[in-house]
Amino acid sequence: MNFNQKFEPKSGCFHGAGQSINLFTEYWNAINENKPIIYMAYVKLPLIDHAWFNKTKERLSKFPPLILQLGLELLKDSEDLCLKISLGTYDAQLILLGNFLKELKTPVFLRAGYEFNQPKKYNSDAFVDAWKYMFNLFLKQEINNVAWVWCACP
């Protein structure tokens, strides 16, 4: 099927792995042909900084070309940060993240607030507002290599 969505392959499918660089490396080494092209990484919004960027860039560079799939957690010590995001409290981290992703010059799948529908994870209304706020902030930064993924938990 082809839904004509951003970065959707014209035929076939993408596959990847993640959770840790060690598990990704094991998987990469176990596959002879059709290597994974997506590396899954996670980061908590308050922890976005240059050290995280450098570590992520280093990991991606070991297996070119890779697409980053980023799970962006909007929690701090189990506290829902969505209202604070919409109020601009985390603009500095989001702008850093946007600049980093733009610098990659490769497609990125951004799962902002992944599995948002888990019980007691996020306030529903605040989450929707925060998601829209982040999306619009990236639009203002003219970040065109990111596909925003609305990722519910089954």
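## A look at the fold

Buried residues make up 43% of the 154 residues in this protein. Keep in mind that the model is predicted. Its pLDDT averages 91, and 98% of the residues score at least 70. Going element by element, helix H3 (residues 82-86) has the highest mean pLDDT, at 98, while E1 has the lowest, at 88.

Now for the overall layout. There are five helices and seven strands, and from the N terminus they come in the order β-α-β-α-β-β-β-α-α-β-α-β. The radius of gyration is 16 Å, close to the 15 Å that the globule rule gives for 154 residues, so the protein is as compact as a globular protein of that length. Along the principal axes, the C-alpha atoms fill a box of roughly 45 × 40 × 30 Å. Of the contacts with a separation of 6 or more, 71% are between residues 24 or more positions apart.

Next, the sheet. Five strands form an open sheet with parallel pairing, in the order E1-E2-E3-E6-E7. E1 (16-18) and E7 (146-148) are the edge strands, each pairing on one side only. From one strand to the next, the twist averages 25°. Strand E3 (residues 67-73) runs parallel to strand E6 (residues 108-112), and five bridges join the two.

| Helix | Strands involved | Angle |
|---|---|---|
| H1 (residues 21-30) | lies across E1 and E2 (38-44) | about 145° to E1 |
| H5 (residues 124-140) | touches E3, E6 and E7 | about 160° with E7 |

What about the inside? The largest nonpolar core has 43 residues, and those with the most contacts inside it are Leu68, Leu70, Leu72, Leu74, Ile85, Leu97 and Leu101. H5 gives the most to this core, with seven residues. As a rule, nonpolar side chains in soluble globular proteins tend to be buried together.

Setting aside residues up to four places away in sequence, Leu68 touches Tyr39, Ala41, Thr56, Leu60, Phe100, Leu101, Leu104, Pro107, Val108 and Phe109.

Finally, take a look at Gln93, in helix H4 (residues 91-104). Is Gln93 buried or exposed? Gln93 counts as buried, because its relative accessible area is 19% and the cut-off is under 20%. Beyond its neighbours within four places in sequence, Gln93 is in contact with Leu45, Pro46 and Ile48.

Definitions and conventions. Residues numbered from 1 in each chain as written. Predicted model: local features only at pLDDT ≥ 70, side-chain atom pairs only at ≥ 80, totals over all residues. Heavy atoms only, no water. Pairing = 2+ DSSP bridges. Helix = DSSP H or I, 4+ residues; strand = E, 2+ residues; numbered from the N terminus. Axes fitted to C-alpha atoms, helices over the stretch in contact; angles between N-to-C directions. Contact = heavy atoms within 4.5 Å. Core = buried A, V, L, I, M, F, W, Y, C linked by side-chain atoms within 4.5 Å. Buried < 20%, exposed > 50% of the residue type's maximum accessible area, 1.4 Å probe, protein only. pLDDT = per-residue confidence, 0-100. Rg over C-alpha atoms; globule rule 2.2 N^0.38 Å.
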